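I opened this notebook to keep track of what I looked up, one entry at a time. Here is the structure that my entries refer to.

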Amino acid sequence: MRDAMLAAGVALMSLIALLGQLDGGLQDRTPHVVLAAFGSAADRIPPSASVAYVSIAADPTGATAERFLAQYYLAPRIVTENWPAASFVLTGPGAPPVLDGDPRLRAFDLIHVTPAGARLYRRRP
Amino acid sequence: MALVLQALPVLAVWMWTRRMTALSAGTRLAAALGIGLGMGSTLLFLWRLGGGSTATFAVVDPALWVVAILAALALASASTIADTDQPRRGTRHPWRVLLLILGLSLAGVAGAIVWTRSAGMPYGDWDAWAIWNLHARFLADPSLLWLNAFAPDLAWSHPDYPLLLPGAVARAWVFDPQAGATVPFSIAAALLLATMLVMVSTLHEHRGASGALLALSLLLAPQFVQIAASQCADLPLGFFTVLAVALLGATHPSAATLGLAGVAMGMAAWTKNEGLVVAVLLPCLYVWRVYRRVGFSAAHQTATDIVVGLYPMLVVLALFKIFVAPENDLVSGMLRPGVLNYWSDPVRVSFVAREMLTEGLAWGGWPVMGPVLLIPIVALVRTGPTQRVSDAATSAAALLVAQLAIFFVIYVMTPHSVAWHLQTSWHRLIAQMWPTAVWWACVRRSPALEGRGAACA
């Protein structure tokens, strides 16, 4: 009987604790939104390519998340911070056209813009 | 069709364990779910390591598992894998219906939390898509460029982490490339179910219906359920650890049961680097207990039985570490000159101890105190007149203490910011230990448990 009372008490406490978490909990749609924004850009990049990434996110954490998500999206291609080794450059969603004039992109041509505004550049031969 | 293909290794493990009559159906199902996923993952890794493509894997993998299932059927009467002991059945309890209703309610609410959490974060936590599912993307890629996952550019993704979870996800993606985020979510839900199953079924064997309900005190910590839904590898590691401990705690464990426990320990090491502590320490602690209680001969036989299951997984891990993985950032950081001086810094050492203690006691997702405080209460309640602490329960307790000590040492010597390291990982390490801690608390005063060699003790 003591065992059953202990078990019932613990179970009730567990139930109460769990019910308090049923309000939806954490919400983070960032990966969903960013990955969808890249659209079909990867189809234009060979699997063996190295890709540099430009984020337009204001906060450093958001920029890091975008770059990691770009790696998730582009695998098995490698997202690199070594620009001389990159044959393509991908930007985050909502990148403005003025970005085309960025000095880092002088050796690249714009080849695609996704509906969400992610821009893809390819290094000139 | 894809679902059937993904379930083949689970079915194979289920078939191969059906002669282990000392295990309940729930324990077998839990073992089949976890070890089946792990074996499928292992096969994919070995196939890719050998230069195989996903196209050929999609043909060879199902064929191999069908052969394994047919072999299990053909060897149905083989005595070499048969246990002879019948499992201990719980007695019918007058509160059985109430306990059942409570248990089902708990499981239902936990499932709802996992579902809503996954709906809000379909790609899981940061670590899920930045580490585990990223590695799965590489493993599942049809090209032979999967080794790009271990390039120096991706050092931030911890490419030295073992591949059980990424391999399991990747295997499903090989068969159904459009499945996307539903796969890691489904695997997380399946392993949470398996964790609950192994605890409920083994504690039901030892303490009856109320023991089964006590097992659900696993859910006392809502934070554990949230971490389970995060699609990271902490829940799988916690599952394999408690599965190994529970198998060691089977009544008169046979050679096959101990071998299966060895496989579970190996799977723990193949899941996360922390799992290597489980794979090395748990068998040593358990064999030592058997040696102390029964003698050398039984301990030697026990060690042999466990190693038969453990060894192949350690070989797979060694292949990964030697030929694929870069060095671990923590290990290389702790080998730097001057790191030992951290121990002479009382501020640093006391900070780590204080943070581990305070966050540990508050862990669980409760508003005031943490459910960790309930563990000793559950453990100390007397349940019967003939109680005895088993080899498995003692080994589990020693393992938990050793894990705490090792984590403390790592935090003190970490090359990263101590505060950041503790903040981002300590709550997940507790989640890894939580199932084993609950299992130990519920079973340590059980009258039923005996270990290997109990009959001749």
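Is Gln231(B) buried or exposed? Before answering, I note that I am working with a predicted model.

Entry on Gln231(B). I counted 29 other C-beta atoms within 10 Å of this residue, and because a residue is called buried at 20 or more such atoms, Gln231(B) is buried. I then looked up where Gln231(B) sits, and found it in the loop of chain B between helix H8 (222-228) and helix H9 (234-248). Its phi is positive, at about 70 degrees, although Gln231(B) is not a glycine. I wrote this down because most residues other than glycine have a negative phi.

Entry on His158(B). This is another residue that is not a glycine and has a positive phi, here near 50 degrees. I located His158(B) in the loop that runs between helix H5 (126-140) and helix H6 (164-175) of chain B. With 19 other C-beta atoms within 10 Å, His158(B) is partly exposed.

Entry on chain B as a whole. I found 17 helices and 0 strands in chain B, and of its 457 residues, 54% are buried. I also looked at the contacts in chain B with a separation of 6 or more, and 81% of them join residues 24 or more positions apart.

Entry on chain A. Here I looked up the peptide bond from Ala75(A) to Pro76(A), which is cis, with omega near 15 degrees. Most peptide bonds are trans. Pro76(A) itself lies in the loop between helix H3 (60-74) and strand E2 (78-80) of chain A.

Conventions:
Residues are numbered from 1 along each chain as its sequence is written. Chains are lettered from A and ligands numbered from 1 in the order in which they are written. This is a predicted model: local features need pLDDT of at least 70, side-chain atom pairs count only at pLDDT 80 or more; totals for chains, interfaces and linings use all residues. Helices (H or I, at least four residues) and strands (E, at least two) are DSSP runs, numbered from the N terminus. A residue is buried if 20 or more other C-beta atoms lie within 10 Å of its own, exposed if 12 or fewer, and partly exposed in between; C-beta atoms are placed from the backbone. Two residues are in contact if their C-beta atoms, placed from the backbone, lie within 7 Å.
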